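The structure under discussion is a predicted model.

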Amino acid sequence: MRGRVVRDIVDGNGLYFSRFATAGPYVFVGSTAVDSSGKLAAEADVEAPYRLSPPAHATRQAEYIYDLYRERLPELGSSLDDFLQLEQYIPRKVYADGYIGVRSRYLDRDRPTTALSATGELLPEGCVLAHTGIALAPDEQHAKEILGSAEGGTDWTGIREEFSEQPPYSEVVAAGPYVFVVGDVAMDPVTQDVEAAVAVPQWIWLGSEVRNEAEFLLTRLEEYLGRAGATLADIVHTTVYLTDIGDLFELDRVWRQRFPDAPPARTVVPVRGVGAPRFEGESLGHGDRAVKMEQLPQAIRPGFGATKEIVGSVEDAVAYESPAVKAGQLLWISQQYAGGRRGLEPAEDTRTQLDDVFRRLDELCRAGGTSLDNMVRLRAFVTDPADAYRVYESLKDAVPADPPTVAVTAVPGPLPVPGATVAVDAVVYVPE
């Protein structure tokens with residue numbers, strides 16, 4: 001069980017993925033509420049009179065997914081209590097409360113770090129939740145550790161009964177050489193508004209909301225990582241969710257300053273919304289009490305046996321990130337586009353773009369001492385929901401047996417590379 005093992009392969013209805021894939025002591029999970037044939041599971045369906053209720057669909061689908069996890073994780077030496085980090089994608093914010101209520105019941109103590117984003121439509125039709133995450137199969141060298149909470153944090157007592165003893169997530173969780181940090185936004189839980197140190201004055205044109213948020217979040221991330229004896233230099237990968245992909249330029253101005261050398265691998269995801277505010281809309285900003293970004297990092301802690309190795313050159317990346325970072329037995333590959341920053345190559349249809357993307361993934365795997373067959377997680381973001389099927393087709397061509405876990409969701413276009421319709425990243429097991 002300490003190598004790469006997959007379980008619960010779904011191969012049907014245009015879908016192709018495993019629900020579980022191990023990489024040493026880490027168990028990657030990923031699923032929508034589909035059965036083994038790739039169709040929306042009967043147990044996850046909502047009957048009349050609640051078919052028009054988004055919370056009802058989110059609740060039933062979340063229960064189906066967590067029941068699968070509770071049943072199958074012990075076969076891999078893990079359990080619901082061993083989750084380290086979770087990512088959840090929903091079409092719109094209206095599904096959030098129903099899902100979080102279920103998650104809080106199944107993960108009722110020592111909760112993992114989490115990020116929940118409203119991205120876009122999911123496949124197959126009827127799915128309202130895409131799930132991916134990392135759990136631990138504990139042993140003598142790897143145990144789950146909750147690394148404290150900051151003073152003066154959010155008082156969750158009056159929000160949900162399930163949070164009276166523990167908040168809905170942990171801020172920092174460590175296991176072996178890895179550190180997982182919560183998806184963070186620049187909101188003040190006391191004022192329930194954008195952090196005062198971040199908010200841009202509304203009476204003048206000067207200032208950048210996302211630049212201020214990026215600075216603030218990286219500074220707070222230093223405090224989070226410090227609990228594990230780590231620094232920003234120890235980050236191996238970060239997912240950044242942007243409500244406006246046009247903010248990438250300002251984001252990278254901050255990243256170049258804070259990561260002058262060897263930046264981490266990174267994937268930037270355009271989203272419809274993050275945790276705040278509750279309402280939805282386009283072009284929301286600080287004047288609407290809305291944040292512009294969220295970040296979800298993974299790092300290593302010095303002295304625990306893993307070192308950070310950059311794979312590839314920053315000049316070959318899409319934006320300001322390393323193409324891939326290897327640490328321990330995991331290779332984290334950044335967002336990949338056909339053509340990268342040079343522009344779209346070679347053709348504009350999604351399937352041809354994916355051919356180029358998988359070629360790039362293969363090259364980075366080889367450079368990192370592994371292969372595509374060792375992928376444990378693949379994430380893909382498409383501007384057209386129907387193109388999700390193209391992702392599964394290309395994956396099956398590249399990895400014809402024992403596929404990785406997969407999370408595919410539609411996102412708001414356009415993407416940063418002109419003409420691009422798909423972006424893909426991956427985590428790959430590196431055998432010792």
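Beyond its neighbours within four places in sequence, Met375 is in contact with Arg4, Phe358, Leu395, Val399, Pro404, Ala426, Val427 and Val428.

## The six-stranded sheet

Six strands form an open sheet in the order β15-β16-β17-β20-β18-β19, and their pairing is mixed. At the edges are β15 (308–311) and β19 (405–410), each of which pairs on one side only. From one strand to the next, the twist averages 15°.

Strands β16 (residues 324–327) and β17 (residues 330–336) are antiparallel and pair over 4 bridges; Ala324 stands opposite Ile333 in β17.

## Helices on the sheet

Helix α5 (residues 350–367) packs on the sheet and touches β15, β16, β17, β18 (375–382) and β20 (422–429). The direction of α5 makes about 150° with that of β17. Helix α6 (residues 388–398) lies across β18, β19 and β20, and runs at about 150° to β18.

## The His286 site

His286 is located in the loop between β13 (265–270) and β14 (293–300). His286 counts as buried because its relative accessibility is 7%, the limit being under 20%.

The side chain of His286 makes a polar contact of 2.8 Å with the side chain of Glu213. Leaving aside neighbours within four places in sequence, the residues in contact with His286 are Val194, Val198, Ala199, Val200, Gln202, Glu209 and Glu213.

Key:
Residues are numbered from 1 along each chain as its sequence is written. This is a predicted model: local features need pLDDT of at least 70, side-chain atom pairs count only at pLDDT 80 or more; totals for chains, interfaces and linings use all residues. Side-chain values use heavy atoms; hydrogens and water are left out. Helices (H or I, at least four residues) and strands (E, at least two) are DSSP runs, numbered from the N terminus. Buried means under 20% relative accessible area, exposed over 50%, partly exposed in between (1.4 Å probe, protein chains only). A polar contact is a pair of N or O atoms within 3.5 Å; within protein, one must be able to donate a hydrogen and the other to accept it, and residues adjacent in sequence count only if both atoms are side-chain atoms. Contact means heavy atoms within 4.5 Å. Two strands pair if DSSP finds at least two bridges between them. Axes are lines fitted to C-alpha atoms, for helices over the stretch in contact, and angles run from 0 to 180 degrees between N-to-C directions.
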